[in-house]
Amino acid sequence: MKIEILLTIVGLFLSVCVNLCAIAFFAGQMKAQQEAHKEQLKENKTSFQNTINEIKKSFKETVDDIKQDFKDKLHDIKENITEKMTENSKRFEENLSRLEGKQDKHNSVIERQFLLEKKEEVNEEQIKVVNHRIKDLEAKVG
């Protein structure tokens, strides 16, 4: 019976040793997997950071392009407005010159009319004087 107990103890001891070896083996594998996961996480983090940096760079380039396009459009608008203002100024000067010419003609007509009205007043006064003389002469003759 002692052999049976001894065999049982040896069997249990071997079983414990095998289990300990299995535990050590699987613990080693888990440790290796954890290290692999950690390394993968580091790679993913680096990749993610690179992606974020690329997005930031792309966003900055896009914003810079939009700014430049906006500046270009503003410059075009400024040139267009300046051109239109120059055209309008020329038209205004032409119209003003034309109106000044018309005003000068009108003023000339008014001045001539004023002179004619003065002459008419003088002529009417002369006619009155002549008529008065005729009456005086008729009164002497008659």
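The notes below go from overall shape to charges.

This is a predicted model, in which local features need pLDDT of at least 70, side-chain atom pairs count only at pLDDT 80 or more, and totals for chains, interfaces and linings use all residues. Residues are numbered from 1 along each chain as its sequence is written, and side-chain values use heavy atoms, leaving out hydrogens and water.

**Overall shape**
- The chain has one helix and zero strands, where helices (H or I, at least four residues) and strands (E, at least two) are DSSP runs numbered from the N terminus.
- Along its principal axes, the C-alpha trace spans about 200 × 25 × 10 Å.
- Of the 142 residues, 0% are buried (under 20% relative accessible area; exposed is over 50%, partly exposed in between, with a 1.4 Å probe and protein chains only).

**Salt bridges**
- The count comes to two salt bridges, each a side-chain nitrogen of Lys or Arg within 4 Å of a carboxyl oxygen of Asp or Glu.
- Asp 64 pairs with Lys 60, with their closest N and O atoms 3.0 Å apart; both lie in helix 1, four residues apart.
- Lys 60 counts as exposed because its relative accessibility is 52%, whereas Asp 64, at 33%, is partly exposed.
- Glu 87 and Arg 91 form a salt bridge at 3.9 Å, N to O.
- Since Glu 87 and Arg 91 are four residues apart in helix 1, about one helical turn separates them.
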